[in-house]
Amino acid sequence: MKRIASAHQLELTIDRLCFELLERHGDFQQSAIIGLQPRGVMLSDRIYHRLLYIQPRLNLRYGKLDITFYRDDFKQRSASLVPNATDIDFMVEGLRVILIDDVLYTGRTIRSALDAMLDFGRPATVELLVLIDRKFSRQLPIQADYVGKRIDSIVSQKVKVCWNEVHGRDEVLLLDENET
């Protein structure tokens with residue numbers, strides 16, 4: 001096990017990502033953020049609240065998107081899938097959408113998210129924000145516009161993002177295949 005980011009480093013990274021978003025999206029009048037269920041929502045919640053702390057008057061559209069039935073492997077799984085809630089109370093038509101997920105690995109989750117998001121309209125643009133980019137593991141030509149940290153890892157390793165609300169601590173770990 002290797003610690004990729006401590007609680008303090010995670011907090012600094014989230015702050016930096018928020019300032020990058022503000023620099024590029026200004027008042028967010030034509031923008032929206034959408035967190036991907038389940039693990040991207042923890043990060044998107046933090047970003048949403050931090051953005052409002054930095055600029056309290058932001059009119060920030062925020063949604064949560066479940067991609068369970070848009071996955072290309074959903075019929076190959078032996079166990080029944082239990083979807084999470086989608087909570088998007090706006091149309092993305094013509095908006096600049098920022099998708100948020102915790103870890104970018106193969107790119108398949110993001111491809112599924114793009115398909116699912118189209119049920120809410122056709123955005124003007126789509127950007128991707130991830131906490132961790134496992135840069136050498138891509139199966140699809142998808143890349144992040146905003147990255148907390150890029151790491152080198154092998155297929156047998158797993159990135160675990162721990163959130164205080166769920167795990168009792170904030171940190172990011174790189175685990176070997178026999179670790180949980």
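Here are some questions and answers about this predicted model.

User: Happy to start with the sheet: in what order do the 3 strands of the open sheet lie?
Analyst: Good place to begin. The edge strands, each pairing on one side only, are strand E1 (2–5) and strand E7 (158–162). The pairing in this open sheet is antiparallel, and its order is E1-E8-E7.

User: What angle does the direction of H1 make with that of E1?
Analyst: Neighbouring strands of the sheet are themselves turned by 30 degrees against each other on average, direction ignored. H1 packs on this sheet and touches E1, E7 and E8. Its direction and that of E1 make an angle of about 30 degrees.

User: Is threonine 13 buried or exposed?
Analyst: Threonine 13 sits in helix H1, which spans residues 7–25. Leaving out residues up to four places away in sequence, threonine 13 touches Leu131 and Gly148. Its relative accessible area is 16%, and the cut-off for burial is under 20%. Threonine 13 is therefore buried.

User: And what is the relative accessibility of aspartate 133?
Analyst: Aspartate 133 belongs to strand E5 (residues 125–134). Beyond its neighbours within four places in sequence, aspartate 133 is in contact with Leu104, Arg138, Val147, Lys149, Arg150 and Ile151. Aspartate 133 counts as buried, because its relative accessibility is 4%.

User: What is the phi of phenylalanine 28 near?
Analyst: Phenylalanine 28 is in the loop between H1 and E2, and it counts as buried because its relative accessibility is 0%. Most residues other than glycine have a negative phi. Phenylalanine 28 is not a glycine, yet its phi is positive, near 65 degrees.

User: How far does H2 reach from its first C-alpha to its last?
Analyst: H2 has 16 residues, and at 1.5 Å a residue the expected reach is 22 Å. The value in the model is close to that, at 24 Å.

User: Which elements do the buried residues of H2 pack against?
Analyst: The buried residues are Gly40, Val41, Met42, Leu43, Ser44, Ile47, Tyr48 and Leu51. In an α-helix, residues three or four places apart point the same way, because there are 3.6 residues a turn. The partners of the buried residues in H2 are H1, E2, strand E3 (61–65), strand E4 (96–104), E5 and helix H4 (164–167).

User: How many aromatic pairs does a search of the whole structure find, and is the pair of tyrosine 48 and tyrosine 62 stacked or edge-to-face?
Analyst: The search finds 1 aromatic pair. Its ring centres are 4.7 Å apart and its planes lie at 20 degrees, and planes under 30 degrees apart count as stacked. Tyrosine 48 in helix H2 and tyrosine 62 in strand E3 are 14 residues apart, so the pair links distant parts of the chain, and the type given by the plane angle is stacked.

Notes. Residues are numbered from 1 along each chain as its sequence is written. This is a predicted model: local features need pLDDT of at least 70, side-chain atom pairs count only at pLDDT 80 or more; totals for chains, interfaces and linings use all residues. Side-chain values use heavy atoms; hydrogens and water are left out. Helices (H or I, at least four residues) and strands (E, at least two) are DSSP runs, numbered from the N terminus. Buried means under 20% relative accessible area, exposed over 50%, partly exposed in between (1.4 Å probe, protein chains only). Contact means heavy atoms within 4.5 Å. Two strands pair if DSSP finds at least two bridges between them. Axes are lines fitted to C-alpha atoms, for helices over the stretch in contact, and angles run from 0 to 180 degrees between N-to-C directions. The expected span of a helix is 1.5 Å times one less than its number of residues. Rings of Phe, Tyr and Trp (its six-membered ring) pair if their centres lie within 6.5 Å; planes under 30 degrees apart count as stacked, over 60 as edge-to-face and the rest as tilted.
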